[in-house]
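Work through these exercises with the structure open. Each task is followed by its solution.

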Amino acid sequence: MLFSSITFLVFFFPAVLVLYYALPSLRLRNCVLLFASLLFYAWGEPKFVFLMLGSILFNYGAGLLLGRTTANRKVILALAIVVNIFVLFVFKYLGFSIKIIDMFLNALHIKPLTQINLVMPIGISFYTFQSISYLVDVYRTPSLYQRNALKLGLYISFFPQLIAGPIVRYHDISEQIEKRTHSIEKVALGLERFIIGLSKKVLLANAFALVCDKIYGAPLTDFGAYAAWIACLAYALQIYYDFSGYSDMAIGLAKIFGFELLENFNYPYAASSITDFWRRWHMSLTNFFRDYVYIPLGGNRMGRIRTIVNRYIVFFATGLWHGAAFNFILWGLAHGTLMTIERLFCKKGGGVVRSIISHAYTILFVALLWVLFRTGTGVSIKLFFKMAGINFQAVTLNEYLHLYIDTRFFILALIGIMFSFPWWHRISFPTKGAGVVVLTALKYCALAILLVLCYANLADNSYNPFIYFRF
């Protein structure tokens with residue numbers, strides 16, 4: 001079930017909201033959220049809800065051991081993490097690993113292994129990382145261990161951030177599970193954030209997805225450099241508005257139920273370097289790898305060479321987390337290489353010209369690497385040549401594609417580019433008097449219009465893919 005679906009918007013969310021606020025105690029409200037979260041997950045994949053329940057029970061037991069014992073705690077932590085990663089490996093990486101082994105076996109003329117094609121449970125990367133966060137936090141602070149399995153289940157399965165994040169670390173939310181405040185103001189702010197995220201997804205990301213998928217879905221001989229660059233732009237905007245929109249919806253929904261989740265995006269396309277980009281893009285994943293992988297490996301405290309190695313390990317893991325394919329690994333390592341070059345050779349500071357060049361280089365490389373991320377290793381190389389004006393085959397332009405690259409697309413692309421930068425933060429708005437009333441009225445009118453447009457698009461069965469389902 002997607003947040004941007006009629007089923008969720010018309011039936012699931014209103015029912016959960018009414019039932020949640022109809023109950024008098026936080027304990028009962030938590031039970032409603034847990035049941036709703038499991039139902040939300042089971043809606044799309046009923047059989048895998050048992051896998052999640054198994055994960056909850058296993059990590060609950062491991063947490064009890066870590067919280068109540070003083071002996072062999074490091075061994076308990078290591079074994080529990082290995083079990084979590086093993087389950088993730090089996091469903092997400094086993095098939096990929098067998099393919100790699102078969103490559104070597106074929107080279108040695110040895111009979112290949114039997115291929116295993118398992119369906120990957122939705123959101124397994126997210127809830128596995130949250131389980132690991134719980135275990136590490138309890139290991140570091142034993143008093144944090146959760147005595148109530150239902151409360152831990154709510155943390156791991158909480159439906160607003162279950163299938164696409166942000167990755168919520170246990171120490172950031174443990175107190176909110178036990179005690180949190182509710183108010184009309186919070187509900188209003190949450191709904192506002194949800195509508196903004198829904199609009200990003202339905203009105204912008206879906207439109208960009210249609211153009212991108214039509215171009216990349218056509219044979220390479222059907223389009224030239226112009227369409228290849230359009231697809232590159234469309235995908236860069238699609239993945240940002242798709243993922244940041246979903247994060248906005250998750251943060252808004254959590255706020256409606258009294259939870260405060262940390263931000264996941266901070267205008268990444270306004271970054272002045274690749275390093276800065278990763279401080280702004282998918283911040284919950286970046287912070288997870290920093291705190292649970294990079295720093296434990298030694299961070300930047302053990303010399304230049306070790307720092308570079310640690311950085312490559314983190315970006316290898318970042319790429320692999322996104323998918324079991326070589327293009328994701330290369331995408332991660334490419335970002336790690338650019339960040340290493342920046343740290344070694346690029347100086348901070350400079351004037352306006354240097355700043356413009358730095359921003360331009362960052363956006364260019366981020367966008368080009370999205371092509372690798374989207375299309376795969378072999379196809380992306382051909383697309384890079386095509387974008388450079390080099391065609392190894394005669395190109396017969398497919399005029400059908402031009403039906404999608406129309407005036408509407410360019411207007412939406414302009415809007416998408418504009419709102420991927422925080423230029424309005426510099427505008428001074430009234431803070432009191434009649435001006436505040438007028439602005440508030442205009443804001444709620446705009447939100448109402450956006451919501452109506454979203455419903456109209458969804459009711460019309462418009463194109464509604466979701467990138468991060470496969471992660």
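α1 passes α2 in a right-handed crossing, that is, the near helix is turned clockwise from the far one by less than a right angle. This is a predicted model, where local features need pLDDT of at least 70, side-chain atom pairs count only at pLDDT 80 or more, and totals for chains, interfaces and linings use all residues. Residues are numbered from 1 along each chain as its sequence is written, and side-chain values use heavy atoms, without hydrogens and water.

**Exercise 1.** Describe how α1 packs on α2.

Step 1. Locate the helices: α1 covers residues 6-22 and α2 covers residues 26-44. Helices are DSSP runs (H or I, at least four residues), numbered from the N terminus.

Step 2. Take the geometry. The two axes come within 9 Å and cross at roughly 160°. Axes are lines fitted to C-alpha atoms over the stretch in contact, and angles run from 0 to 180 degrees between N-to-C directions.

Step 3. Classify the angle. α1 is therefore roughly antiparallel to α2; the cut-offs are under 35 degrees for roughly parallel, over 145 for roughly antiparallel, 65 to 115 for roughly perpendicular, and oblique for the rest.

Step 4. List the contact (heavy atoms within 4.5 Å). From α1, the residues include Phe8, Phe12 and Val16. From α2, they include Leu33, Phe40 and Trp43.

Step 5. Sort by class. The contact of α1 with α2 has 13 nonpolar, 1 polar and 1 charged residues. Ala, Val, Leu, Ile, Met, Phe, Trp, Tyr, Cys and Pro count as nonpolar, Asp, Glu, Lys and Arg as charged, and the others, Gly among them, as polar.

**Exercise 2.** How many disulfides does the structure hold?

Step 1. The count is 0, with a disulfide taken as a pair of cysteine sulfur atoms within 2.5 Å.

Step 2. Check Cys212. The nearest cysteine sulfur, that of Cys232, is 9.0 Å away. Cys212 is buried at 0% relative accessible area (buried is under 20%, exposed over 50%, partly exposed in between; 1.4 Å probe, protein chains only).

Definitions and conventions
Helices (H or I, at least four residues) and strands (E, at least two) are DSSP runs, numbered from the N terminus.
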